[in-house]
Amino acid sequence: MTSAAYTSGSVSVSAATRGGVSAADQGVGPLLRGWREQRRVSQLELALRAGSSARHISFIETGRSRPSEEMVLRLAEHLDVPVRDRNSLLLAAGYAPHYPETPLDDPALDALREGVERLIQGYEPYPALVVDATYNVVAANRGILMLLGSVPEHLLAPPLNAMRLTLHPEGLAPRIRNLREWRGHLLAQMERDIALRRSEPLRALYEEVAAYPAPPTPAPPAPPTPAPSGPCSPAGDSVTLDEEPAEPVPYFALPMVIEHEGRLLSFISSISTFNTPMDVTVAELAIETLLPADPATVKYLHSLLS
């Protein structure tokens with residue numbers, strides 16, 4: 001895996017199908033009602049947001065009225081329906097999909113791939129990667145490769161999955177010193193994504209990684225390991241655990257504390273998505289960066305490039 005390794009990476013569930021039931025067969029009314037109830041919005045509130053009436057919304061949901069293409073898109077926007085599922089609503093209403101789903105390796109997305117490539121390379125030496133809607137890794141920089149150095153080959157085989165790599169007992173999990181807290185954070189994140197996207201592949205992934213063994217008690221911190229000296233050390237004067245500040249670092253967000261070659265590194269995760277995407281593939285991409293959470297991690301990562 002390199003930072004230029006892109007795959008199409010799209011979710012395997014088609015825009016017209018959810019759980020084996022065709023959106024066109026189900027009808028747009030029940031689908032819209034499902035999204036409205038999931039968002040906990042009343043018919044009146046949705047009508048006010050969309051410039052309609054509660055009576056018209058009721059007629060649409062019961063099938064007594066067929067919404068226009070514009071109305072479907074407007075209601076979907078106010079209900080924060082994901083782009084993929086907006087296409088499903090349009091199909092159920094008898095219209096063509098509005099948003100294309102372009103493979104990530106298509107020449108039409110050359111500019112996007114190059115821009116993302118420059119972005120994640122610019123974060124080096126800090127780890128950064130790009131994932132799709134089911135957390136398959138479609139690009140990663142050298143900082144990520146550094147963390148994956150001890151992961152067995154069978155977990156690195158395509159499709160590389162960020163959640164599986166992190167939580168698998170042969171992946172990064174044994175090296176994450178606050179695995180209980182970090183695991184809980186990741187599973188909660190996946191639960192929110194499932195509620196938003198209603199994705200069966202994502203639910204299957206969640207059930208897989210949630211079944212991985214969890215630590216019975218928080219793992220104790222590892223004792224400091226002296227850094228190697230001489231010409232074989234990463235930068236001649238690398239950072240060791242005993243150089244961390246004596247006082248605890250006041251974290252501003254939950255960090256991932258991970259052991260790497262005898263050192264404890266702390267990272268805060270930040271996730272970015274594209275604003276107002278007009279393509280299903282682009283809408284489902286996320287750029288995750290692992291920013292250093294303490295001065296010792298900053299110093300060590302920069303020492304690797306010295």
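Residues are numbered from 1 along each chain as its sequence is written. Because the model is predicted, local features need pLDDT of at least 70 and side-chain atom pairs count only at pLDDT 80 or more, while totals for chains, interfaces and linings use all residues, and side-chain values use heavy atoms, with hydrogens and water left out.

**The sheet**

Let's start with the strands. Helices (H or I, at least four residues) and strands (E, at least two) are DSSP runs, numbered from the N terminus. Two strands pair if DSSP finds at least two bridges between them. Five strands make an open sheet in the order β4-β3-β7-β6-β5, with antiparallel pairing. At its edges are β4 (137-140) and β5 (256-260), each pairing on one side only. From one strand to the next, the twist averages 30 degrees.

Strand β6 (residues 263-272) and strand β7 (residues 286-292) are joined by six bridges, and Ser270 has Thr289 in β7 as its bridge partner. Helix α14 (residues 295-303) packs on the sheet and touches β5, β6 and β7, its direction making about 95 degrees with that of β6. Contact here means heavy atoms within 4.5 Å. Axes are lines fitted to C-alpha atoms, for helices over the stretch in contact, and angles run from 0 to 180 degrees between N-to-C directions.

Strand β3 (residues 128-131) pairs with β4 over three bridges, with Leu129 standing opposite Ala140. β3 and β4 form a hairpin with five residues between them.

**A helix pair**

How do α3 and α4 lie to each other? The axes of α3 (residues 43-50) and α4 (residues 54-62) come within 8 Å and cross at roughly 110 degrees. The two helices are therefore roughly perpendicular, a term for angles of 65 to 115 degrees. Gln43, Leu44, Leu46 and Ala47 of α3 meet Ala54, Ile57, Ser58 and Glu61 of α4.

On a 1 Å grid over the protein atoms alone, a cavity is a set of points where a 1.4 Å probe fits but cannot get out, and a pocket is an open set with protein on both sides within 12 Å along at least five of seven lines; lining residues have an atom within 4 Å of a point. Grid points are joined across faces, edges and corners, and a volume is the space filled by probe spheres set on the points.

The whole structure holds three cavities of 30 Å³ or more. The largest has a volume of about 280 Å³, and its 20 lining residues include Leu129, Glu288 and Leu290. Helix α10 (162-167) gives the largest share of this lining, four residues.

**Backbone details**

Most residues other than glycine have a negative phi, and most peptide bonds are trans. The table gathers some exceptions.

| Residues | Feature | Value |
|---|---|---|
| Glu124 and Pro125 | cis peptide bond | omega about 15 degrees |
| Pro158 and Pro159 | cis peptide bond | omega about -5 degrees |
| Arg40 | positive phi | phi about 60 degrees |
| Tyr135 | positive phi | phi about 65 degrees |

Pro125 sits in the loop between α7 (110-122) and β3, Pro159 in the loop between α9 (153-156) and α10, and Arg40 in the loop between α2 (28-38) and α3.

Terms used
Parallel < 35°, antiparallel > 145°, perpendicular 65-115°, else oblique.
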